[in-house]
Amino acid sequence: MTTDLTVRAAAVDDAPGIARVHIQAWRECYAHLLPAEDLAGLQQRPREDKWRAIITAAAASNVWVACAGTDIVGWASAGAGRDDDAPRPWELEGIYVLASHYGSGAGQLLLDSAVADGGAYLWVAEQNPRAFAFYRRNGFIPDGATAAHELIGTPVRILRMVR
């Protein structure tokens, strides 16, 4: 684990850094699932605006950032479960780390901050083996629920995992 990593609650001023990581992480981890031109077309400004709104509405979601020095290298968000049939009250809504920080401990620190070691659930792309293995190592197991979810216009099969 890298020792210069810190995790803290996100502030509205973090929106540009979170948006940058969001876009880059999608390009890195979804290159095999989504068309290259769609990934290339992701734009910074709309993501920043979305993250400002999410962080401002802190009662609905908790957002955490992982930093290497002052640079944001990952983020996680969690909140009250959004599904009508939520198997747990708390949902890990998203967690992404730049590929350059895979294995650094940033993902673990973010997960620990967002959901601690309590019960939670999440949705993961079926064809995202790295994420699937990470969640399994952290006690999440598939509960049999599946869905089709659109990521920038492309349907992707997702699986629900519960701990």
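This is a predicted model: local features need pLDDT of at least 70, side-chain atom pairs count only at pLDDT 80 or more; totals for chains, interfaces and linings use all residues.
Guide: Two strands pair if DSSP finds at least two bridges between them.

Visitor: What lies between the strands in the hairpin of β2 and β3?

Guide: Two residues lie between them, and G69 in this hairpin takes a positive phi near 70°.

Visitor: Which other strand pairs with β2, and over how many bridges?

Guide: Strand β1 (residues 5-9) pairs with β2 in the antiparallel sense over five bridges. R8 has V65 in β2 as its bridge partner.

Visitor: Why is β2 called largely enclosed?

Guide: Strand β2 covers residues 62-68, and five of its seven residues are buried, so the rest of the structure largely encloses β2.

Visitor: What makes β3 and β4 a pair?

Guide: Seven bridges join β3 to β4, and the rule asks for at least two, so these strands pair as well. They run antiparallel. A80 has W90 in β4 as its bridge partner.

Visitor: How do β4 and β5 run, and how many bridges join them?

Guide: Two bridges join β4 to strand β5 (residues 121-125), and these strands run parallel. At least two bridges are required, so β4 and β5 count as paired. In this pairing, L92 stands opposite L122 in β5.

Visitor: What makes β4 mostly covered?

Guide: Six of the eight residues of β4 are buried.

Visitor: How many aromatic pairs does a search of the whole structure find?

Guide: The search finds six. In one of them, W26 and Y30 have their ring centres 5.5 Å apart and their planes at 75°. Centres within 6.5 Å make a pair, and planes over 60 degrees apart make it edge-to-face, so W26 and Y30 are an edge-to-face pair. Both W26 and Y30 are buried.

Visitor: Why is the pair of W75 and Y96 called tilted?

Guide: Its centres are 5.3 Å apart and its planes stand at 45°. Stacked needs planes under 30 degrees apart and edge-to-face needs over 60.

Visitor: How do you know whether W75 and Y96 are buried or exposed?

Guide: Buried means under 20% relative accessible area. W75 has 3% and Y96 has 14%, so both W75 and Y96 count as buried.

Visitor: Which residues do ring pairs link into a cluster?

Guide: The cluster holds W26, Y30, W51, W75 and Y96. The charged end of R47 sits over the ring of W26, 4.7 Å from its centre.

Visitor: Which residues lie nearest the centre of the largest pocket?

Guide: They are Y30, G94, I95, Y96 and Y135, out of 46 lining residues. This pocket holds about 1200 Å³ of space. The most lining residues come from β4, which gives seven. By class, the lining has 24 nonpolar, 13 polar and nine charged residues.

Visitor: Why does S77 count as buried?

Guide: The limit for buried is under 20%, and S77 has 5% relative accessibility, so S77 counts as buried. S77 lies in strand β3.

Visitor: Why is A116 called partly exposed?

Guide: A residue is buried under 20% and exposed over 50%. A116 has a relative accessible area of 40%, which lies in between, so A116 is partly exposed. A116 is in the loop between α4 (106-115) and β5. Although A116 is not a glycine, it has a positive phi of about 50°.

Visitor: What makes I152 partly exposed?

Guide: I152 has a relative accessible area of 29%. That value falls between the limits of 20% and 50%, so I152 is partly exposed. I152 sits in the loop between β6 (141-151) and β7 (154-162). I152 is not a glycine either, yet has a positive phi of about 40°.

Note on methods
Residues are numbered from 1 along each chain as its sequence is written. Side-chain values use heavy atoms; hydrogens and water are left out. Buried means under 20% relative accessible area, exposed over 50%, partly exposed in between (1.4 Å probe, protein chains only). A charge sits over a ring if NZ of Lys or CZ of Arg is within 6 Å of the ring centre and within 35 degrees of the ring normal. On a 1 Å grid over the protein atoms alone, a cavity is a set of points where a 1.4 Å probe fits but cannot get out, and a pocket is an open set with protein on both sides within 12 Å along at least five of seven lines; lining residues have an atom within 4 Å of a point. Grid points are joined across faces, edges and corners, and a volume is the space filled by probe spheres set on the points. Helices (H or I, at least four residues) and strands (E, at least two) are DSSP runs, numbered from the N terminus. Ala, Val, Leu, Ile, Met, Phe, Trp, Tyr, Cys and Pro count as nonpolar, Asp, Glu, Lys and Arg as charged, and the others, Gly among them, as polar.
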